[in-house]
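Work through the exercises below with the sequence and the coordinates open. Each task is followed by its solution.

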Amino acid sequence: MDIFRSLNVSASGLTAQRARMDVIAENIANSDTTISATGRPYQRKSVVLRASDSSAFDAMLPGGKPSAVVVDGVRTSAEPPRRIWQPEHPQAGPDGFVEVPNVNTVQEMTDMMASTRAYEANAVAFQAAKSLGAKLLELLR
Amino acid sequence: MSDLRIGSIAPAPITTTSPAASASAAGSAGFGDALARALSEVNELQLKSSEAAVAIASGEQVDTAQMIVDVEKANISLQFAVQVRNKLLEAYQELMRMQV
Amino acid sequence: MNVLFGSSITALTRGLTFANQRHEVLAQNLANVETPNYRARDLVRDEPLDTTSDTPAPLPRVTYSGDGASGIGGNDVDLEREMGRIAENTLLHHTLVQLLASQFASLKQAISGRV
């Protein structure tokens, strides 16, 4: 059913934005983590998103279940950590520099706002699809 | 096909394809044909409606709008056929009651 | 029985099919609002609606609807524009359903003889 497909598409958008928000929250929470499980500073993570259909009518292939956006995984930044001069820090190296996570908190907050807006937009689209289906069913009453 | 007047359903105005309604034999043959055709169309619509239900239930990719309209068309045409049948029956019974 | 159902019912149904499909395309735009290198798309009908019941409706066309000006990461989805289109499409859809409903209601009234 084309209405069901629309619901799946919007649901995939909600899922993707949730994943993004989770990762952003993790980044923010660890923005000061100088020693993580790896022994190195926390490295910023990001979500990799991919569009799964190239055209709306790809989904008309039998068995195709369009999801529209797919979370391809979480990528850990490979950039070197930031170094700041803080000789009194317990983890300061012999040169007085501390390696800290490469998380820019302001950037993360901006991303979080964008992600929230996107989530809400997908929720609106989801409700709209529901209303289209319900309206059609009214014809049969 | 000329327009079917949707006013009150009277026994007479089922349109026939034969334009000459003069000869009663020819007229009744045309009427019988028209009736048979109409009933088969009702049947087709009912079949379409069941196909739609099956397709939706089995999760196939379907055109929702078209299907719902098909289902409703089948309902309406069935109602129509039933009313026609009722009126024909009334007309027949009235004929039978006529004193000859 | 197809004399009962005029070409307006066919036209309304095709309009509804189009509205359903267009919503799916617009929903895809919103789902991919943050996907890198995704270009916004829309559904358009090339010809005006053909209301002859026998000919099947031509498939509408998916076109790129964004202005091409890249947002971040090659994505050109404008959230507000897509929301506007969804609202417009939803309104069209509801209108078509109402019109169809009133057509069916008139038919039923005429058939049952009750007003």
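**Exercise 1. Relate the directions of α2(A) and α1(C).**

Step 1. The axes of α2(A) and of helix α1 of chain C, residues 7-31, cross at roughly 165° and come within 9 Å. Axes are lines fitted to C-alpha atoms, for helices over the stretch in contact, with angles from 0 to 180 degrees between N-to-C directions. Helices (H or I, at least four residues) and strands (E, at least two) are DSSP runs, numbered from the N terminus.

Step 2. The crossing of α2(A) and α1(C) is left-handed: the near helix is turned anticlockwise from the far one by less than a right angle.

A note on the model: it is predicted, local features need pLDDT of at least 70, side-chain atom pairs count only at pLDDT 80 or more, and totals for chains, interfaces and linings use all residues. Residues are numbered from 1 along each chain as its sequence is written, and chains are lettered from A and ligands numbered from 1 in the order in which they are written.

**Exercise 2. List the residues that join these two helices and class them.**

Step 1. α2(A) contributes A:Ala121, A:Asn122, A:Ala125, A:Ala128, A:Ala129 and A:Leu132; α1(C) contributes C:Asn20, C:His23, C:Ala27, C:Leu30 and C:Ala31. Contact requires C-beta atoms, placed from the backbone, within 7 Å.

Step 2. This helix contact has 8 nonpolar, 3 polar and no charged residues. Nonpolar covers Ala, Val, Leu, Ile, Met, Phe, Trp, Tyr, Cys and Pro; charged covers Asp, Glu, Lys and Arg; the others, Gly among them, are polar.

**Exercise 3. Widen the view to the whole A–C contact.**

Step 1. Chain A gives 33 residues and chain C gives 26.

Step 2. On the chain A side, α1 (2-29), β1 (45-51) and α2 (105-138) each supply at least two residues. α2(A) has the largest share, 13 residues.

Step 3. That side divides into 18 nonpolar, 7 polar and 8 charged residues.

**Exercise 4. Find the centre of the largest nonpolar core.**

Step 1. The core has 54 residues; A:Ala125, A:Ala129, C:Ala27, C:Leu30 and C:Ala31 touch the most other members. Such a core is a set of buried Ala, Val, Leu, Ile, Met, Phe, Trp, Tyr and Cys residues joined through C-beta atoms within 7 Å. Buried means 20 or more other C-beta atoms within 10 Å of a residue's own.

Step 2. α1(C) gives the most, with 10 residues.

Key:
A residue is buried if 20 or more other C-beta atoms lie within 10 Å of its own, exposed if 12 or fewer, and partly exposed in between; C-beta atoms are placed from the backbone.
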